[in-house]
Amino acid sequence: MSPVRRCSRTACGRPAVATLTYVYADSTAVLGPLATYAEPHCYDLCAEHSERLTAPRGWEVVRLLDGSAPARPSGDDLEALANAVREAARPQERAAEAGGGGGRGADPMEVARRGHLRVLRSPDN
């Protein structure tokens, strides 16, 4: 017996990547990450069948995200990374600020600082 679980669809031998469960009381089909073990009333589906899944008329399909999949970086993540690189490229300013004894005049937008976090004034003010 193969340790890889296969798609539950008839004549499909591809490996399963998702588990489908029906919640009859709510008229909902829940498609989530592959369950840790096979359940008798759940259906394992391959990638193709999980993408093409449709529910009966009047039912809702809930697709749960796979928490183990790596998250794609958002615009905020990339902007924060760029800001961190810019700040790291200015070590002489940070050294002068640490040795200067509270000279906060370098950034007029900065209101307060705690560790590596800064509170900035709104650009509208």
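Trainee: Let's start with Y24: buried or exposed?
Mentor: Exposure goes by relative accessible area: under 20% is buried, over 50% exposed, and partly exposed lies in between, using a 1.4 Å probe and protein chains only. Y24 comes out at 60%, so Y24 is exposed.
Trainee: And what kind of model is this?
Mentor: It's a predicted model, where local features need pLDDT of at least 70, side-chain atom pairs count only at pLDDT 80 or more, and totals for chains, interfaces and linings use all residues. Residues are numbered from 1 along each chain as its sequence is written, and side-chain values use heavy atoms, leaving out hydrogens and water.
Trainee: How many aromatic pairs are there?
Mentor: Rings of Phe, Tyr and Trp (its six-membered ring) pair if their centres lie within 6.5 Å; planes under 30 degrees apart are stacked, over 60 edge-to-face, the rest tilted. Searching the whole structure gives 4 pairs. One of them is Y22 with W59, edge-to-face at 5.8 Å centre to centre and 85° between the planes.
Trainee: Which parts does that pair tie together?
Mentor: Helices (H or I, at least four residues) and strands (E, at least two) are DSSP runs, numbered from the N terminus. Y22 sits in strand β1 and W59 in the loop between α1 and β4, so the pair links parts 37 residues apart in sequence.
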